[in-house]
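Q: Can you walk me through this one? I have a few quick questions.
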Amino acid sequence: MTECPECAATVANHDLILGEVFPCPDCGTELEVLATEPFAIQPAPTEAEDWGE
Ligand SMILES: [Zn+2]
């Protein structure tokens, strides 16, 4: 488990995979899985993906 970087709520890894983006169950902030062992997360980028189009 780790903590949400926005609200410090405990976030458990429920079958999340590397790079998966999911909302914090407490504050709803979009979080990205940085690593699964040990579980680490960061706020997901909020800007739309820009592929240069
Ligand atoms: Zn949160």
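Q: Start with Cys4: buried or exposed?
A: Cys4 counts as buried because its relative accessibility is 3%. Buried means under 20% relative accessible area, exposed over 50%, partly exposed in between (1.4 Å probe, protein chains only). This is a predicted model: local features need pLDDT of at least 70, side-chain atom pairs count only at pLDDT 80 or more, and totals for chains, interfaces and linings use all residues. Residues are numbered from 1 along each chain as its sequence is written, and side-chain values use heavy atoms, with hydrogens and water left out.

Q: And Cys7?
A: Cys7 counts as partly exposed, because its relative accessibility is 30%.

Q: Which protein donors does the zinc ion have?
A: Cys4 (SG), Cys7 (SG), Cys24 (SG) and Cys27 (SG), lying 2.3 Å from the zinc ion. Donors are N, O and S atoms within 2.8 Å of the metal (3.2 Å for Na, K and Ca); water is not among the atoms, so sites may look incomplete.

Q: What spacing do the donors follow along the chain?
A: C-x2-C-x16-C-x2-C.

Q: New topic. How many helices and strands?
A: The protein chain has 0 helices and 5 strands. Helices (H or I, at least four residues) and strands (E, at least two) are DSSP runs, numbered from the N terminus.

Q: What does Phe39 touch, leaving aside neighbours within four places in sequence?
A: Phe39 is in contact with Met1, Thr2, Val11, Ala12, Asn13, Leu16, Phe22 and Val33. Contact means heavy atoms within 4.5 Å.

Q: How much of the protein chain counts as buried?
A: 21% of its 53 residues.
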